[in-house]
Each structure stands twice: as C-alpha cells, then as structure tokens.
Amino acid sequence: MSVNNTISIIQYNINRYICPILLIFGIIGCLLNILLFSRKQFRTISCCTYFLSASIPMMVLVFIGYVPYSYAAYHPNPQNKNPLFCKLRGYMGQSFQLMYRWIMTIACIDRYMVSSTNLYLRKFSNPRIAYSIVIKIIILSIILPLHNLIFLNVGIGWCLYSKASYAFYHSLFTFILIGFLPIMIMIICTFLIHDNLRLKRIRRRDYYHYQDDHLTSRLLSTRDNQVLLMLFIQVIFYIISTIPWMIVLLYAPYAYNIKNKSIDRLMIEIFIGYLTELNVYLYPTLSFYIYTLTSKTFRRELFTIIYTLLTRRNHSQNEFTSSMMNIRIERGNRLLQLDNIHNFPSTEIDEGKEHIAQYTHLCRFSELCRNKKIEPHLIYFPHKVPECPQLEESLHRAEFLHSNLPKYLVPCIYQQDCRMKNKVGHRIKYSHGEDIPLSLLI
C-alpha cells in the first residue's frame with residue numbers, strides 16, 4: 001500500500017470517529033465552563049471573567065474546527081471546494097484563536113496582579129477592567145485577521161494562499177501573535193506568580209509563627225500550592241498543544257517555495273499540518289476537564305449544579321424546599337453538640353422540628369438571614385437597645401453588630417493628637433489608641 005493511500009485511510013478514520021467525539025466533548029465542556037463561570041459567586045472575580053469570556057470563542061472554534069472534518073468523512077471537504085467557505089473558515093479560525101488565546105494570556109497577567117503585594121497592581125484586578133479589556137481584545141481580533149478574506153483561495157484542490165509572500169506573512173503573523181507571545185507571557189507570569197506566592201509564604205510563616213497559629217499557615221500554603229499547580233498544568237497543556245503547530249508554521253513558507261515535490265512528500269506535509277491543526281483544538285476542547293481535574297473549587301461548584309439539576313428534575317419545588325429544610329435541621333442538630341460552650345441544651349434529638357420549635361439556635365447570618373420567612377430556620381434574637389451607649393468602644397463594636405455601623409473602628413491618623421476626638425460623630429467612626437482593660441481580653 002502506498003503512502004498516499006495509508007495517509008488517506010488514517011485521515012478518514014480520524015475524521016469519522018475521533019473528530020465527532022472531540023466535537024461533542026468540546027461543546028459540552030465549553031457550555032459547562034460558561035454555566036459555571038457565570039454563577040453569582042464567580043462574577044466578582046476578574047480571573048473568572050476572563051475564563052467566561054474565553055469559553056465562548058473556544059466553543060465557536062471547536063465547532064468550526066471539527067465540523068468540516070467530520071463532514072469530510074462522508075462528503076468532499078467544502079474547505080477545498082468552496083472559495084467562500086475557505087476564506088470564512090480561515091478568517092474565523094484565526095480570529096477566534098486570537099480572542100481566546102489573548103484572553104487567557106491576560107488572565108495569567110491578572111493572576112500575577114492578584115498575587116502581588118503591590119496594592120497598585122491589585123487594583124487592576126477587578127471585573128470592570130476585565131470586561132473593558134475583553135471588549136478591546138475582541139475588536140482587535142476581528143480586525144487583524146482580515147487578510148485571510150483577501151489572500152486565501154482554493155487552488156490545486158486545497159485551501160491555500162495565492163502567493164508565497166502572503167503565506168510568509170500569515171505564518172509570521174500567526175507564529176508571533178497566536179503562538180510565541182502568548183506562550184512567553186504565560187511562562188513569565190508563572191514564574192512571577194511563583195515568586196509572589198513564595199514571598200507571601202515567608203511573610204505568613206513569620207506572622208503565624210509569632211501568633212502561634214501554624215494550622216492557618218499550612219491551610220493558606222496549601223491553597224497557594226493549588227493555585228500554582230492549576231496554573232502550571234494549564235500553561236504546560238497550552239504549550240504542548242501549540243508547539244507542534246508553531247513548528248509547522250515556520251516550515252510552511254520554506255516548503256511553499258520548493259518545486260517538483262513528489263506526491264508522497266506533499267501528502268505527508270499536508271497530513272502533518274492536519275494533525276497539528278487538530279492538536280491546536282485540544283486546549284479549547286479539554287479546558288473544562290483541565291479545570292475540573294486541577295481545581296477543587298471548580299469541582300465543588302460542578303457537583304452543586306449537578307445536584308440542583310437532579311433535584312429539580314426528580315422533585316417538585318415544594319419537595320425540594322422540604323428536603324433543604326431537613327438538611328438544615330440535621331445540620332442544626334449536629335451543631336448542638338457544641339452548644340455546651342454557649343450554655344444551650346445538648347441532648348439527643350429524635351424529632352428535629354419539635355426541638356427547633358422548642359429551643360433557640362443561633363444562625364450564623366443572624367438578622368441578615370434570608371430564610372427566616374420560608375422555613376422554620378435557626379433563630380437569632382438581636383439584642384435590641386434603643387440607643388447603645390457603647391458605640392465609641394472598639395471592643396464592644398467588634399463584639400456586637402449595630403445597625404448601619406461597621407464592626408470595627410478605623411484608626412485615626414492623628415491618634416491622641418486629634419482635635420476632633422471629643423466629637424461623638426468622629427469617635428463613633430475612628431479609634432484613637434484607647435487602652436483596653438486586660439480583663440476584657442482574657
């Protein structure tokens with residue numbers, strides 16, 4: 001069997017069996033990314049804003065990448081027959097690659113800023129700035145690849161650039177903006193984030209060693225290691241899926257000028273380009289599964305969504321509310337084991353609802369709880385005082401919650417030299433280094 005026939009059979013089987021599977025996994029993964037990163041708790045995190053924004057072009061790229069090849073298993077590939085389809089697929093493929101790759105690159109920069117000890121840098125890590133950057137990336141990604149609509153065309157049965165100079169420009173453009181620069185920025189950010197986390201660990205170790213709180217230090221260090229591991233795996237997988245394609249891009253202008261190629265060599269070059277293109281689509285296809293494997297928070301949110309969907313499907317809304325009530329009641333019963341320190345009854349519970357109706361259990365959300373009216377919830381009785389006489393005392397403010405007032409006083413920059421420390425309105429807001437009796441701290 002000739003090389004040409006062997007390559008054709010392998011490519012046919014890949015198009016028929018592997019591409020549809022990757023298409024299904026990619027679409028489902030991108031949809032779950034969008035569903036998870038659009039949840040309320042992630043909307044205030046700038047890094048999740050970038051991940052959400054990148055998931056949309058990744059899903060489009062998975063579709064326009066795998067669908068033509070899956071179609072080509074049963075029909076002639078429209079990319080090599082229709083000039084308009086050739087131009088549009090080349091343009092859209094490069095445009096959406098620019099979008100998601102640079103959004104992910106900026107996400108790495110954002111994580112560096114979050115981990116920085118520089119307050120000025122951390123200010124840039126907020127969702128409002130993230131949305132404005134995403135909009136600018138989208139606009140540039142629409143404009144920059146317009147050359148594909150002009151120079152791409154169908155020739156000798158393939159979708160190619162009409163001249164060698166156009167192919168060289170495209171290879172250089174793609175290599176720098178889609179391949180080299182994003183990878184280098186990601187690698188640099190990874191090392192910078194590692195340094196920032198190392199400095200934080202040193203400071204945290206010294207602080208908690210002084211406070212004799214080694215458990216908190218270990219927990220925070222574990223969280224930092226998880227963040228670094230997640231970033232490291234993402235960058236490594238991104239590089240693996242991009243490097244072979246970059247090599248082909250560098251080789252393409254050189255190969256374009258070679259005359260009198262044999263059929264076997266031409267088919268091998270086309271097949272290698274085909275494989276590296278499929279390899280490029282692996283990152284958007286498997287991004288969801290990478291996040292799931294490397295992030296404990298991501299897995300927890302995924303299980304929460306699955307549980308909610310299954311519960312809504314199998315029960316009516318009233319049954320769902322009742323089950324959640326029972327779960328909270330069971331939680332309240334388990335918490336009763338700790339009630340001795342608060343002088344609350346700590347007996348064995350047989351009837352949870354009757355027990356909650358008879359005894360008082362403090363809700364951790366106190367009067368801010370949203371479930372007080374829809375279920376027999378853990379009850380909190382606020383200490384109602386018409387006019388509290390201790391609003392100026394720092395320890396009292398930290399111990400009790402007062403309406404429309406923060407729990408902590410802000411240290412006044414003038415301390416004992418402040419000229420306004422005798423004014424009640426000022427003392428309610430600021431502290432001036434008052435002495436706290438030792439008996440209150442024991």
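Colleague: How many helices and strands does the secondary structure of the protein chain come to?
Modeller: The model is a predicted one. Its protein chain has 442 residues. The secondary structure of that chain comes to 16 helices and 4 strands.

Colleague: What share of the residues of the protein chain counts as buried?
Modeller: A residue is buried when its relative accessible area is under 20%. Among the 442 residues of the protein chain, the share that counts as buried is 38%.

Colleague: Is Ser-46 buried or exposed?
Modeller: Ser-46 lies in helix α2, which covers residues 46-72. Beyond four places in sequence, Ser-46 touches Asp-110, Ser-125, Asn-126, Pro-127 and Ala-130. The relative accessible area of Ser-46 is 4%. Because the cut-off for burial is under 20%, Ser-46 is buried.

Colleague: Which side chain is joined to that of Glu-277 by a polar contact?
Modeller: Glu-277 belongs to helix α9, residues 263-280. With neighbours within four places in sequence left aside, Glu-277 is in contact with Tyr-69 and Arg-89. A polar contact of 3.1 Å joins the side chain of Glu-277 to that of Arg-89.

Colleague: Why does Glu-277 count as buried?
Modeller: Burial requires a relative accessible area under 20%. Glu-277 therefore counts as buried, since its relative accessible area is 19%.

Colleague: What part of the accessible surface of the protein chain belongs to carbon and sulfur atoms?
Modeller: The accessible surface of the protein chain comes to about 27,400 Å². Of this surface, the part that belongs to carbon and sulfur atoms is 64%.

Notes
Residues numbered from 1 in each chain as written. Predicted model: local features only at pLDDT ≥ 70, side-chain atom pairs only at ≥ 80, totals over all residues. Heavy atoms only, no water. Helix = DSSP H or I, 4+ residues; strand = E, 2+ residues; numbered from the N terminus. Buried < 20%, exposed > 50% of the residue type's maximum accessible area, 1.4 Å probe, protein only. Polar contact = N/O pair within 3.5 Å; in protein donor to acceptor, adjacent residues only side chain to side chain. Contact = heavy atoms within 4.5 Å. Areas by Shrake-Rupley, 256 points an atom, 1.4 Å probe, with all protein chains shown as cover.
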